[in-house]
Amino acid sequence: MLLKRSLPKVRWQYWVKHWQQIDWLLFCLVVAASMFGGLMILSTELNQPVTDWWWHWLVAGIGSIIALFLARCHYENLIQWHWITYALTNFSLIVVMVAGTSAKGAQRWISIAGFNVQPSEFAKIGVIITLAALLHRRTASTLENVFRALAITAVPWGLIFLQPDLATSLVFASIVLGMLYWANANPGWLILMISPVVSAILFSISWPLSEPIVLIKELTFSPLGVFWAGAMGILGWQTLPWRKFKINAIASFSLNMLGGELGVFAWNHVLKEYQKDRLSVFINPEHDPLGAGYHLIQSRIAIGAGEIWGWGLFKGPMTQLNFVPEQHTDFIFSAVGEEFGFIGCLIVLFVFCLICFRILHIAKTAKDNFGSLLAIGVLSMIIFQLIVNVGMTVGLAPVAGIPLPWMSYGRSAMLTNFIALGIVESVANFRQRQKYY
């Protein structure tokens with residue numbers, strides 16, 4: 001009799017022992033965000049004969065199973081597979097360029113069994129694993145290791161940029177910066193890394209204090225851009241390790257001036273018209289209210305119409321009448337704002353803040369540098385996508401094709417985020433055993 005009574009307890013311990021250390025709060029928050037996202041997608045498609053909301057929930061269910069499976073696998077095994085992961089990542093991106101499916105002016109998808117798969121989404125995981133494997137052995141405390149990490153990232157980043165997929169390439173940049181910072185890179189070096197991009201913006205776009213002056217054909221002079229380049233020269237002089245040769249200030253200044261000129265060249269000859277329109281309407285959406293600025297204007301109207309408490313689920317007029325294009329994907333947050341108001345938006349943002357804090361806690365309590373870097377890479381990816389997606393729906397960031405994690409519709413993005421969750425949960429699951437008193 002005693003043996004029979006103890007069997008249920010033994011069986012229960014057998015099934016849960018593989019997940020004793022995972023962060024259940026993090027897992028439940030992600031699942032809740034996914035379920036709520038499906039509900040919002042249903043609201044945007046209530047009057048349309050589509051079932052994206054059902055696919056969203058189905059993929060979320062599959063992703064949850066994958067995440068739980070990965071959580072019980074030792075994440076340390078990824079170290080010995082990181083070069084294979086890196087090779088497969090680049091191979092998939094090359095296949096897209098050769099035999100991919102084109103849509104909306106870009107070639108980003110591979111058709112597999114009738115489903116469109118976006119390899120650039122899964123490439124984020126590949127880069128995180130590769131960088132974590134490199135930086136856990138050699139930290140980013142030296143420029144040599146920083147340049148090695150940048151060189152490794154440059155290959156998949158370049159392949160994605162050529163698709164073209166500027167939004168995903170920016171996500172890559174955020175992942176690299178976050179992981180380098182966590183790996184003890186000098187913050188001044190990270191500022192110098194992104195400074196040429198700032199110079200390109202200052203040289204390319206007319207600002208009240210920085211009206212570009214064309215000197216000779218493509219050569220452009222921007223007062224504010226030159227001031228920024230000078231400030232970066234001073235930063236380089238103070239932070240780079242070549243102080244005795246006095247070349248760091250000159251190199252930093254020259255790099256920013258070159259970045260500014262390349263920005264002008266890219267604006268005139270490289271960027272597609274729709275990409276330039278997205279950047280231009282960010283400053284003045286009313287410049288093209290029926291074209292490039294339409295998404296942003298309608299999104300802001302929908303969020304503003306929600307006021308404090310919102311219209312209620314399935315009752316938002318802008319959402320139900322389909323005034324906001326692509327609302328079930330990139331602009332899902334506008335549906336939340338209209339139907340649940342300011343309070344609903346705050347709750348959603350609070351949930352994402354909890355998710356980010358839980359991932360940060362896992363990174364801080366990981367048992368080794370490799371696990372910590374994996375978690376920080378995922379955290380950098382989630383934070384950047386969250387800020388850009390929410391920012392573009394309210395007019396604080398340019399419109400970019402970056403989905404809201406776990407809430408926007410997108411099967412590849414959803415699976416990528418759940419794979420990332422599973423890796424983070426594996427880091428949590430194999431921490432040093434904690435004692436509870």
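This is a predicted model: local features need pLDDT of at least 70, side-chain atom pairs count only at pLDDT 80 or more; totals for chains, interfaces and linings use all residues.
Let me start with Lys124 and Glu121, which both lie in helix H6, residues 119-135, three residues apart, or about one turn of the helix; helices here are DSSP runs of H or I with at least four residues, numbered from the N terminus. Their side chains meet in a salt bridge at 2.8 Å, N to O, where the term stands for a side-chain nitrogen of Lys or Arg within 4 Å of a carboxyl oxygen of Asp or Glu. Both Lys124 and Glu121 are buried, and buried means under 20% relative accessible area, with exposed being over 50% and partly exposed in between, for a 1.4 Å probe and protein chains only.

Residues are numbered from 1 along each chain as its sequence is written, and side-chain values use heavy atoms, with hydrogens and water left out.

How many salt bridges does a search of the whole structure find? The search finds four, and another of them joins Asp23 to Arg358, with the closest N and O atoms 2.7 Å apart. Asp23 sits in the loop between helix H1 (2-16) and helix H2 (24-44) and Arg358 in helix H15 (residues 332-365), so this pair ties together parts 335 residues apart in sequence. Asp23 is buried at 6% relative accessible area, whereas Arg358, at 26%, is partly exposed.

Finally, Glu76 and Lys367 form a salt bridge through their side chains, again given N to O, at 2.8 Å.

Methods:
Helices (H or I, at least four residues) and strands (E, at least two) are DSSP runs, numbered from the N terminus.
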